[in-house]
Amino acid sequence: MKEPTKLIHSSRPNGVPDHPVNPPIERASTILFSDYDAFLDGKRSIRYGRLGTSTHRQLEDIVTELECGVATHLAPSGLQACIAAILAFVQTGDHVLMADGVYDPTRKFADGFLKRFGVETTFFDPMIGDRITELLRPNTKVIYTEAPSSLTFEVGDITALATARNQDDVTVIVDNTWSAGVYYKPLSLGADVSIQAGTKYLAGHSDCLIGTITSASEQTANAVFRSLLRIGSSVSADDAYLTLRGIRTLTTRLKQHETNATILCEWLTNHDDVKTVLYPALSTCVGHANWKQHFTGSSGLFSIILKRNHERALRAFHDALRLFGMGYSWGGYESLCIPCDPKPIRTATRWQETGPLLRLHAGLEDPEDLIYDLENAFNVMAAVKLID
């Protein structure tokens, strides 16, 4: 079956007569066992509401298929998925290699929490490739990267990172949220763990928080499970259900996000106020060759760099937008636009652009309407410049 068909038919009670299309939500804290022997069996498999019900298992199964892994575990947010995945493989005295362009809260976790408990982190250029060997130490346990980088969208070579590690106990973890697991399969390219903030494209409607951690081996999956167990992770059945329902239409939604983003990027590339468009599908984007080799498509998230930095004009631009909302997260049906500054969150590389960076998410609106909204905002911004 092709992927769209799999996402619709996986983890459904096919063959069961008279069943609902969407499986009912199963909420539980206590799960009762029929007898003593069943309790012992259940105790060994740790059957308890905090660890999930059939609703959670259905979502885990479908994400495992999507990511081409052996097992998926859920976390209550994308950030906790990142944190739990790292904690599964490190202890005091260990060393982590982390790409310079990762999601900023993940970076802060490494710089703050891990450091407090004696785990050192070295940040590396996302485009380092097999030169990662120069940074490996005997105590390196994790190589953590994101595809593509947050805000700046460099696409590194995960195969080079995975191949270059010269120790069996180095775990390669990839944040795969941007592709939603549809357009990029890091586990098939040598990574050990693929993470998603299911809050974004998997759920797709900006109404729940959830994270997924998919492992390439049973050994890795067991380590992730123990990590989530020890930190008391728990995902509500309702959030698991919303994500399960959203994932059925994932490929259809993602195609439209990609179409809209491509149209917007082409238009913005030729706009007088735009210096650069950062979108992996464009040949001008850093790492485009890696994207072309390892990805089968693009999603709706990208950034632009404006030519001039003027605070009042920038404020006028954002306030003039009507279809692009200002808000964190992305991946829902609505378009978003927020100002960002990569400079303070880079150490291995330098962000030398002087113009402001705007991160945009192309929602599911008509692209002509989105262009009109942006054009109007640019005109308002230009009027402010003329007045000044």
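Colleague: So, two strands pair if DSSP finds at least two bridges between them. In which sense do strand 4 and strand 5 pair, and over how many bridges?

Modeller: Bear in mind that this is a predicted model. Strand 4, residues 140-146, pairs with strand 5 in the parallel sense, over five bridges. Ile143 sits opposite Val172 of strand 5.

Colleague: How does the chain cross from strand 4 to strand 5?

Modeller: The path goes through helix 6, residues 158-164, and this β-α-β crossover is right-handed.

Colleague: And on to strand 6: how many bridges join strand 5 to that one?

Modeller: Three, and strand 5 and strand 6 (residues 193-196) run parallel. Opposite Ile173 you find Val193 in strand 6.

Colleague: Is strand 5 mostly covered or mostly exposed?

Modeller: Mostly covered: five of the five residues in 171-175 are buried. In a regular strand, side chains alternate between the two faces of the sheet. Here Thr171, Ile173 and Asp175 point one way and Val172 and Val174 the other, all of them buried.

Colleague: Let's go to the loop between strand 4 and helix 6. What is the peptide bond from Ala147 to Pro148 like?

Modeller: The bond from Ala147 to Pro148 is cis, with omega near -10°, and Pro148 lies in that loop. Most peptide bonds are trans, and most residues other than glycine have a negative phi. Phe153 is in that loop as well, and its phi is positive, near 65°, though it isn't a glycine.

Colleague: Why does Phe153 count as buried?

Modeller: Because its relative accessibility is 1%, and buried means under 20%.

Colleague: What about Ser206: where is that one, and what is its phi?

Modeller: Ser206 is in the loop between strand 6 and strand 7 (211-215). Its phi is positive too, about 55°, and it is not a glycine. At 43% relative accessibility, Ser206 counts as partly exposed.

Colleague: Switching to helices. At what angle do the axes of helix 4 and helix 5 cross?

Modeller: Roughly 45°, with the axes of helix 4 (residues 78-87) and helix 5 (residues 104-116) coming within 10 Å. The two helices are therefore oblique to each other, and the crossing is right-handed.

Colleague: Which residues make the contact?

Modeller: From helix 4 it's Leu79, Cys82, Ile83, Ile86 and Leu87, and from helix 5 it's Pro105, Thr106, Phe109, Phe113 and Leu114.

Colleague: How many bridges join strand 10 to strand 11?

Modeller: Five, running antiparallel, with strand 11 covering residues 357-361. Cys340 stands opposite Leu357 of strand 11.

Methods:
Residues numbered from 1 in each chain as written. Predicted model: local features only at pLDDT ≥ 70, side-chain atom pairs only at ≥ 80, totals over all residues. Heavy atoms only, no water. Buried < 20%, exposed > 50% of the residue type's maximum accessible area, 1.4 Å probe, protein only. Helix = DSSP H or I, 4+ residues; strand = E, 2+ residues; numbered from the N terminus. Right-handed = clockwise from strand over helix to strand, strands pointing away. Axes fitted to C-alpha atoms, helices over the stretch in contact; angles between N-to-C directions. Parallel < 35°, antiparallel > 145°, perpendicular 65-115°, else oblique. Left-handed = near helix turned anticlockwise from the far one by under 90°. Contact = heavy atoms within 4.5 Å.
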